[in-house]
Amino acid sequence: MAKILIVDDEEHIRFLYSEELTDEGFEVITADSGYQLLERIEKEKPDLVILDIKMVDYNGLDLLQDIRNKYYDLPVILCTAYDTFKEDMKSIAADFYVIKSFDLTELKNKIKMALETAVPQSREQ
Amino acid sequence: MTEAFLEENPQRVTEAEMVVAIPSYQEARLIGYPTTQAALGLKRYFNDRSSVLINCDNNSQDGTKEAFFAADTEGVPRIYLSTPPGVRGKGNNFRNLFRKVVELKAKVVVVVDADLKSISPQWIKHLGEPLCNEFGYVAPLYVRHKYDGTITNSIAYPLTRALYGRRVRQPIGGDFGFSGDMARVFLASPTWSEAVAQFGIDIWMTTLAMNNNVPICQAYMGRPKIHKAKDPGIELGPMFSQVVGTIFQLMNHTTGYWMRVKWSKPTSIYGFGLGEVEMPPPVKVSEDKLAANFHEGFDTCREIWRRILSPDIFNKVLEIGQLPKEQFDFPTQLWAKTLYEYAASYHHRTVDEQDLLNSLIPLYFGKTLSYVRKTERMSVQQAEEFIENECMVFEETKPYLLDRWGE
């Protein structure tokens, strides 16, 4: 069972995503801010992170940079209410992005793709 | 393979931890600027390391060497390497560089184009610093005008991404960083070819880095790349065949790797915090020329297309050839399948290699025309999203390649 970490400062989003993704068979853990996020990732070892871009005290794109610097291949899906973040080139370090919605079909599709992405770890000819 | 013909090493440098290389051919007018900026970058950000600037040249007769030695490098030593007279090719320059890097026992190598007009000392920092940490290969990331780099946008980026599963936005950007260990990998590779010795070198290095699972990062350059940009409808030359031929050739060598790749992963980015993103200057394209070059293919390449493409794809290409100008569209999925069928045909040696590559050029012009028309009213950012969506189509269509490859 894949473990997903949801990082979002909005309680109702954490609740909705947790419920829906738990129903899909994922193990879900949540964080309400970016505080000590890397330590949390280190401790919990999630298979995927869903990251809100705009949190009150944290910029999700900066957190994404921190995650990517330490965890080269950890899948990260950016979540946002607006798509203006794409103007910031930092966003391309994410595996995918989704616009926040009560319909989680798109998010679930992207989670599936991110988790089944396969890049071999050793050369084979 | 070409041996270095000439070396001028006036400061008798025998070892250097860091190398900044500038490959060139007939760049006397422009090489002074990147040389000076590179030296400033070395002094400012890598002053604690022994370093050298190397001009890897194709025996230019326009005074490139003299301009390189005349530039102010604030005491950073210089080496000039050249291929023998008559031997051209960017790749040949790189091969001389790889040998020199190994000889100098360099750990960090940065390469910048000789015709760069927008390089700053920070480019050296951003391309070099990741190599001092855990990365082995650094590709550039700059904002380019939506019509600059059309081979990258239509072929090199979507294909390498779908094949090798790494999103490297500028796989043939021209400015790179690589470790001394990577230089050894490049020298030892059995995949060197005549196309790699020319303009195939950039995609060859990036592909080898991906295929060897070397940690890759993209260095954000802040400024757009301003150099001698070319109108894709007018100036294409042999570069197309060399780049695409190298991609196809490497697919033969790396089949066991790319067949196991599903979807793609992002690549780390280094170097933000350079302030405002500067927008690139516009690049003009001639839609009429693109359309004319595409339609010319129906006279010159129809028979070879019939041999390379499946009947379904061939007929679809014929259909879009009939479309009136205002409705012209080369759908992305058709383009992806076309490229995949070309790659499979190259693999199966259905037709002569060079004929195959030449016959792809008119189709590429058609795809470029379609891209230009679709992105006409888009901002640079919107065009980027458009390209990202096209890449997803390439990834979704990859099973089609596997089918064709196995036939």
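Q: Hi! How many residues of chain A are in contact with chain B?
A: In this predicted model, 24 residues of chain A are in contact with 23 residues of chain B. Contact here means that the C-beta atoms of two residues, placed from the backbone, lie within 7 Å. As the model is predicted, local features need pLDDT of at least 70 and side-chain atom pairs count only at pLDDT 80 or more, while totals for chains, interfaces and linings use all residues. Residues are numbered from 1 along each chain as its sequence is written, and chains are lettered from A and ligands numbered from 1 in the order in which they are written.

Q: Which elements of chain A give two or more residues to that side?
A: Those are helix H3 (60-70) and helix H4 (105-116) of chain A. H3(A) gives the most, with three residues. Helices (H or I, at least four residues) and strands (E, at least two) are DSSP runs, numbered from the N terminus.

Q: And what is that side like by class?
A: The side of chain A that touches chain B has nine nonpolar, six polar and nine charged residues. Ala, Val, Leu, Ile, Met, Phe, Trp, Tyr, Cys and Pro count as nonpolar, Asp, Glu, Lys and Arg as charged, and the others, Gly among them, as polar.

Q: Switching topic: what is the strand order in the sheet of chain A?
A: The five strands run S2-S1-S3-S4-S5 in an open sheet, with parallel pairing. Two strands pair if DSSP finds at least two bridges between them. The edge strands, S2 (27-31) and S5 (96-99) of chain A, each pair on one side only.

Q: Which residue is the bridge partner of Leu5(A) in S2(A)?
A: That is Ile29(A). Strand S1 (residues 3-7) of chain A pairs with S2(A) over five bridges.

Q: Which strands does helix H1 of chain A touch?
A: Helix H1 (residues 11-23) packs on the sheet and touches S1, S2 and S3 (48-52) of chain A, its direction making about 170° with that of S2(A). Axes are lines fitted to C-alpha atoms, for helices over the stretch in contact, and angles run from 0 to 180 degrees between N-to-C directions.

Q: Now chain B. What domains does the assignment give?
A: Domain 1 (6-270) and domain 2 (287-406); such bounds come from an automatic or database domain assignment. Their centres, taken over C-alpha atoms, are separated by 28 Å.

Q: Which helix gives the most to the domain 1 side that touches domain 2 of chain B?
A: H5(B) does, with nine residues. That side divides into 16 nonpolar, nine polar and two charged residues.
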